Amino acid sequence: MVKVENLRINYQKEIMGIEGTPRFSWEIQSDRRNVLQQSYQIQIAGDAAFAQMVYDSGNVASECSVQVVLEDFSLEPLSGYYVRVRVTTGDEQSAWSESAHMVSGMLTEESWEASFVSAETPEDKDDSKGTYVRGGFRVEKEVREAYACCTALGVYNLYINGTKIGKDELTPGWTSYNKNLLYQIYDVKDALNNGANMAGAMLAAGWYKGLMGFVHKRNNYGCQTAFLFQMLIRYADGTSQLVMSDENWQGADAPIVFSEIYDGEIYDAAKEIKDWSLAGTNTYPWKPVETLPADKTILHPQGAGKVTQREIFAPRELLKTPKGEMVLDFGQNMSGRIHVKAKGKKGDVIQLNCFEVLDKDGNVYLDNLRKAKQNMTYVFAEDKEVEFYPRFTFMGFRYAVIRAFPGEPKAENFEAHALYSDMEPLGEFACSNADLNQLHHNILWGLKGNFVDVPTDCPQRDERCGWTGDAQIFSRTACYLMDTYTFYEKWLRDVVADTPEDGSIPHVVPDILTGKSEDNWLVKEGSTGAAAWADVAVINPWTLYLMYGDTDILKKQFENMKGWIDFMEAHATDYIWNYKVQFGDWVALDAEEGSYFGATPNDLTCTAYFAYSTELFVKICKILGKQELAQKYQELYDHIVETYQKRFFNEDGSMNVQTQTAHIVSLYFKLVPKAAVEKVVEGLLRLLKKENGHLVTGFVGTPYFCHALSQNGCLKEAYELLLKDDFPSWLYQVKMGATTVWEHWDGIKPDGTMWSPGMNSFNHYAYGAVGEWLYRVASGIEADEANPG
């Protein structure tokens with residue numbers, strides 16, 4: 001019996017907001033072997049019963065079941081569709097699959113008639129308060145369907161008739177707001193009432209105007225929060241109604257008196273406006289809103305991948321530290337927030353301070369948060385029992401110290417809720433080694449903790465930026481762990497948006513560094529164009545193609561890739577590439593005392609990546625049928641490799657840079673002369689032996705270390721390296737009780753003391769890039785360039 005399962009539209013079971021041409025994929029299940037699809041039939045309807053058929057492909061002779069495009073089907077604006085498929089295999093035809101659901105977006109910027117409305121003024125630019133905006137409307141007929149499209153300058157929750165709409169959090173997420181702003185679509189039919197209705201939003205500063213980045217600048221995109229709302233109601237009689245935010249809406253301050261990404265949230269219940277999002281509640285002195293001008297051409301629907309609440313953790317322990325502080329231990333380092341249930345009196349306060357680790361004496365350790373406060377505070381307005389959680393921030397934490405609480409706190413008063421982007425779990429790994437299983441767990445939770453809408457470096461300190469190097473290093477591992485296509489596709493759009501005209505790629509995306517602070521050395525010396533970091537422009541799209549077999553991402557990112565290759569070529573000297581600020585083998589253990597920069601020279605790491613990205617770009621040109629460009633960049637690649645080999649290899653085939661990372665990247669990127677491969681492998685083994693079998697690599701060398709060994713006849717040594725459990729090693733962190741991957745090999749030293757608090761994250765996924773080796777080599781699940789996906 002043949003069945004069709006897992007029908008997907010653009011990799012999703014349901015997509016609420018699609019623009020462009022949808023692509024369909026499905027899987028075939030059978031109780032027999034060697035069953036191949038010979039044809040498919042796709043039907044699309046306006047209802048789940050498929051009574052309102054809008055498209056039927058008929059029987060299409062094709063073996064293709066991945067990224068199928070219907071050339072003769074086009075979407076209508078803001079319309080819901082149900083899709084199903086069946087296939088034939090020889091003399092057998094499957095039943096219809098379960099349906100998948102999609103809703104189209106606005107499709108054109110001219111469709112937007114609503115205005116951005118704000119309850120703030122420019123004078124509020126340094127204020128981190130929350131605000132309400134709302135507007136009333138009437139429904140007088142039977143509703144067939146209703147879709148609300150909304151976004152914000154800031155972060156928002158949508159309410160209709162007293163109910164929060166959707167499960168999304170921190171919408172519209174973080175993008176390069178002035179170049180690329182996402183809007184969300186919600187099916188709100190069931191939220192509407194006959195007669196009077198009220199729509200509204202609660203807003204906060206978020207990434208838009210809040211203090212962001214280690215340069216500590218606020219108002220990076222604007223100085224007022226604002227909300228955009230447009231709802232299309234289609235009635236059963238065939239008529240329609242448009243409801244939108246405009247100058248008639250009202251605004252007010254919300255009970256969230258302070259909300260920032262880094263510092264947390266303060267909620268004063270005395271400032272609540274009862275039933276603020278219900279029709280007929282006009283006793284409060286609402287004020288007129290301001291309408292703000294905005295470019296509607298940058299609006300795009302976010303159909304999937306939004307941040308949502310995920311796992312829930314009860315406290316593992318409510319402990320008392322040696323200093324006498326009450327601390328909650330949730331047993332898992334995560335990104336999220338804490339939900340509190342408590343009974344208090346007017347004026348009572350709940351205050352929690354979230355953090356990652358205890359110090360060597362078992363006391364609260366906050367120093368590695370730098371200036372981030374990670375506080376959450378609730379002030380009671382009356383005697384009552386409440387449930388409280390911060391709405392517009394997130395914390396990086398395992399622990400929370402209870403600074404204030406009405407009465408005696410008990411463990412059952414608290415829950416930790418993980419927050420991260422909605423992605424379907426894919427890979428699982430388990431073996432007979434419990435420490436290795438824990439390492440895999442830590443790698444997975446490093447992803448979860450740092451995939452809160454953008455791929456960040458860390459979720460706890462005053463940084464949390466989309467560092468391109470971390471994203472590049474970890475991308476292959478991420479694709480094994482979760483279905484990350486939608487997540488990366490969304491972020492790569494901002495890589496394009498924030499790339500300057502010269503083609504250099506920012507260190508962080510969204511780019512909140514360039515031009516922001518001449519006082520910071522990194523911004524002053526250059527905030528774009530770092531090897532391994534900027535190469536995300538080529539490596540991440542290539543990785544998505546390799547793992548998903550989807551050329552669409554290559555087409556979308558092609559000019560950005562080409563611009564980066566051209567930038568490197570323009571700034572290379574005789575094909576040796578180096579430029580302004582380089583991070584090199586970041587935080588490698590062979591760095592000089594007090595330095596973050598590893599011992600491998602920048603000329604080598606930069607030129608190695610110059611070659612690697614150019615090689616990948618040649619492949620991409622061929623895949624997209626751009627043969628002339630492929631030839632041009634093949635010649636460039638050949639020149640780079642020739643120069644690299646002359647510069648970094650001795651006549652006897654050994655390398656003149658004696659670091660582990662120099663040998664690793666030369667081997668993995670295939671830059672070693674064929675006759676010298678054995679010599680270079682011997683050199684790497686010698687350097688490994690010199691460190692008693694330990695790595696001393698940083699961000700550049702670590703991801704490829706095990707590959708460089710296993711691909712060159714040293715599988716035993718690769719496993720020995722992986723299974724080391726004393727410092728420095730992956731399993732050392734496991735032995736020290738880690739539940740996520742650390743930024744430094746010795747974030748906590750064997751004697752319990754800490755690495756420098758200035759940069760010591762305990763949730764930093766970069767070194768977790770070894771996860772791809774667990775899948776590709778240890779498990780044997782390898783992608784095939786000839787048959788990607």
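In what order do the six strands of the open sheet lie? The order is β15-β14-β17-β12-β20-β23, and the pairing is antiparallel; helices (H or I, at least four residues) and strands (E, at least two) are DSSP runs numbered from the N terminus. Two strands count as paired if DSSP finds at least two bridges between them. The model is a predicted one, in which local features need pLDDT of at least 70 and side-chain atom pairs pLDDT 80 or more, whereas totals for chains, interfaces and linings use all residues. Residues are numbered from 1 along each chain as its sequence is written, and side-chain values use heavy atoms, without hydrogens and water.

At the edges of this sheet stand β15 (163-164) and β23 (287-288), each pairing on one side only. Strand β23 is joined to β20 (residues 250-253) by two antiparallel bridges, and Pro 288 in β23 is the bridge partner of Gln 250.

A loop between β37 (454-455) and α3 (468-481) holds Asp 462. Asp 462 has a relative accessible area of 2% and is therefore buried (under 20%, with exposed over 50% and partly exposed in between; 1.4 Å probe, protein chains only). Its contacts (heavy atoms within 4.5 Å), leaving aside neighbours within four places in sequence, include Tyr 262 and Leu 369.
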